[in-house]
Amino acid sequence: MNTLTTEAATAARPADARAAASVARPTGFARDTAAVFVRESRPLVRDPFSVVFSLVQPLVFLGLFGPLLVGAAGGDVAGTLQWFVPGILVMVALFGTGSTGANLLFEMQTGSHERTLVAPLSRGALLVGRALKDVVPLVVQGTLVVLVAVPFGFRLDAPGLVVGLVALAVFGVGLGALSYTLALACRNRDWMFWMVHQTVLFPLMILSGMLLPLDDGPDWMQVAAAVNPLSYLVDAERALPAGDFTDPAILGGAVAAVVTCSVGLVLGVRAMRRAR
């Protein structure tokens, strides 16, 4: 009887070990997403200067457009920076993640993407891992923009900055997923990708009040801004540096970021699963 009990216990140990290992290890989707994230992040690690170099555009806007706003505000440098720098942060998220579909488009045209499709990876993870990778340069660039503005009078609340970067990251994941979705739809027509990209992103930027206030704009422009999710995100980013977490604009920005992320991931994962 003891021998049978010992043999049964010995036979049960491998099954128990496998069950424990399956609990300890991440699920297949999480493991695949992490693998795609690491693969897509390697070029950033090998060439970190590309992240810094991409700061040229926002710093140009900050250095050349900012003084014009200071003049219009009667020389109030600190007040102008408090209003303008958050808009630059949203611009970093908008152009940094809205253009990432071009990388996928290039991979599809060179045949690299077809090899990833036959890999034993979840199709959804191929999309989510890419989108999460876009958060890394976004956070680095946003932090650097703020640090550049601080010596010139920008007042920084550290918890507010962290919450603001999280909101931008959530928004960036959704916008990046939408950019990948557009690339999958335009795989044989790269000109269409850039046409849609430019046609959509610039009106979104202007109608968000990112660069100029829309208070004195025509009624149709204010109506368009009211349905533009970016305008809510911009308002939230302007409230967070002051550390006023009771400002209702923060809730509106959070909702806009979450909705954009949800819509982008749903459409992106669906497009990636249908890709051939």
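This is a predicted model: local features need pLDDT of at least 70, side-chain atom pairs count only at pLDDT 80 or more; totals for chains, interfaces and linings use all residues.

Visitor: How many helices and strands does the protein chain have?
Guide: There are 14 helices and zero strands.

Visitor: And what share of the residues is buried?
Guide: Of the 276 residues in the protein chain, 42% count as buried. The accessible surface comes to about 14,500 Å², and carbon and sulfur atoms account for 69% of that.

Visitor: OK, on to helix H4. Where does it run, and how many residues has it got?
Guide: H4 covers residues 56–72, which makes 17 residues. From first C-alpha to last it reaches 24 Å, close to the 24 Å expected at 1.5 Å a residue.

Visitor: Where's the kink in H4?
Guide: At phenylalanine 65, shortly before proline 67, and the angle is about 35°.

Visitor: Which H4 residues are buried, and what do they pack against?
Guide: Pro58, Leu62, Gly66, Leu69 and Val70 are buried. The buried residues of H4 pack against helix H5, residues 77–98.

Visitor: Switching topic: serine 179. Is that one buried or exposed?
Guide: Serine 179 counts as buried because its relative accessible area is 5%, and the cut-off for buried is under 20%. Its place is in helix H10, residues 158–185.

Visitor: What does its side chain reach?
Guide: The serine 179 side chain reaches the backbone nitrogen of glycine 101 at 2.7 Å.

Visitor: Which other residues does serine 179 touch?
Guide: Leaving out residues up to four places away in sequence, its contacts include Thr97, Gly98, Ser99, Thr100 and Phe193.

Note on methods. Residues are numbered from 1 along each chain as its sequence is written. Side-chain values use heavy atoms; hydrogens and water are left out. Helices (H or I, at least four residues) and strands (E, at least two) are DSSP runs, numbered from the N terminus. The expected span of a helix is 1.5 Å times one less than its number of residues. The bend at a residue is the angle between axes fitted to the seven residues ending there and the seven starting there. Buried means under 20% relative accessible area, exposed over 50%, partly exposed in between (1.4 Å probe, protein chains only). Contact means heavy atoms within 4.5 Å. A polar contact is a pair of N or O atoms within 3.5 Å; within protein, one must be able to donate a hydrogen and the other to accept it, and residues adjacent in sequence count only if both atoms are side-chain atoms. Accessible areas come from the Shrake-Rupley method with a 1.4 Å probe; for residues, only the protein chains shown count as cover.
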